[in-house]
Amino acid sequence: MSEEGTGLVHERHFTREEANALLPQLTAMLDQLRDAKDDLTDSEAHEALSEAAPANGGGGEGKQVGVAFLEVRRLLEAIEQAGIVLRDIARGLIDFPTLIDDREVYLCWELGEDEVAYWHELETGYGGREPL
């Protein structure tokens, strides 16, 4: 079934069951993203503090930043290619495009919630969450 010309924003749509089935994998990916992001933040802060010291050709800190950056990029691309919308890494806020009554909306989940139990309009965001 082609969705061209239907005015839909997203190509992929998830049922609540499909979204819930992905939560364990997404939880692991969010943990990895947060760790890699922390490595970037820590390294950059360390680098800023040590700028006055002589450079060593990009040794340990440079490599750590590069590896962390590649890991963040890899995880973000995997989530995006799956058709999932990551709203906030720190909060672990995820939107799954879905169709309810032939309207495109988001199933909304936040890290720590047991299951996908909320939805919101495309424009309203987290503040417009409604229970399913």
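Modeller: A residue counts as exposed when its relative accessible area is over 50%, as buried when it is under 20%, and as partly exposed in between. Please keep in mind that this is a predicted model.

Colleague: Then is D101 buried or exposed?

Modeller: D101 has a relative accessibility of 70%, so it counts as exposed. It lies in the loop between β2, residues 93-100, and β3.

Colleague: What is the phi of D101?

Modeller: Phi of D101 is near 50 degrees, which is a positive value in a residue other than glycine. D102 also has a positive phi, near 65 degrees, and is likewise not a glycine. The loop between β2 and β3 holds D102, and D102 counts as exposed because its relative accessibility is 77%.

Colleague: Let us step back. How many helices and strands does the chain have?

Modeller: The chain has two helices and five strands, and along the sequence they follow the pattern α-α-β-β-β-β-β.

Colleague: And how much of the chain is buried?

Modeller: Of the 132 residues, 30% are buried. The accessible surface comes to about 8,300 Å², and carbon and sulfur atoms account for 50% of that area.

Colleague: What share of the contacts comes from residues 24 or more positions apart?

Modeller: Among contacts with a separation of 6 or more, 47% join residues 24 or more positions apart.

Colleague: Now to charges. How many salt bridges are there in the whole structure?

Modeller: A search of the whole structure finds seven. One of them joins the side chains of E110 and R91, with an N to O distance of 3.1 Å. E110 is in strand β3 and R91 is in the loop between β1 (85-88) and β2, so this pair ties together parts that are 19 residues apart in sequence.

Colleague: Is E110 buried or exposed?

Modeller: E110 is buried, because its relative accessible area is 15%. R91, at 35%, is therefore partly exposed.

Colleague: What else does E110 touch?

Modeller: Setting aside residues up to four places away in sequence, E110 touches R91, G92, L93, Y126 and R129.

Colleague: Which residue meets R129 in a salt bridge?

Modeller: The partner of R129 is E113, at 2.7 Å from N to O. E113 lies in the loop between β3 and β4 and R129 in the loop between β4 and β5 (130-131), so the pair ties together parts that are 16 residues apart in sequence. R129 counts as buried, because its relative accessibility is 15%.

Colleague: Where does L111 lie?

Modeller: L111 is in the loop between β3 (103-110) and β4 (118-121). It is partly exposed, because its relative accessible area is 22%.

Colleague: Which residues is L111 in contact with, leaving aside its neighbours within four places in sequence?

Modeller: They are T27, L30, D31, R34, R91 and G92. L111 and G92 are 19 residues apart in sequence, yet 4.7 Å apart in space, C-alpha to C-alpha.

Colleague: Where is D31 found?

Modeller: D31 is in helix α1, residues 16-49. With a relative accessible area of 38%, D31 is partly exposed.

Colleague: Which residues form the negative surface patch?

Modeller: The patch is formed by D31, D35, D38 and D39.

Methods: Residues numbered from 1 in each chain as written. Predicted model: local features only at pLDDT ≥ 70, side-chain atom pairs only at ≥ 80, totals over all residues. Heavy atoms only, no water. Helix = DSSP H or I, 4+ residues; strand = E, 2+ residues; numbered from the N terminus. Buried < 20%, exposed > 50% of the residue type's maximum accessible area, 1.4 Å probe, protein only. Contact = heavy atoms within 4.5 Å. Patch = residues over 30% accessible without salt bridge, like charges linked within 9 Å, V, L, I, M, F, W, Y side chains within 5 Å. Areas by Shrake-Rupley, 256 points an atom, 1.4 Å probe, with all protein chains shown as cover. Salt bridge = Lys/Arg side-chain N within 4 Å of Asp/Glu carboxyl O. Lys, Arg positive; Asp, Glu negative; His and termini not counted. Charge placed at Lys NZ, Arg CZ, Asp CG, Glu CD.
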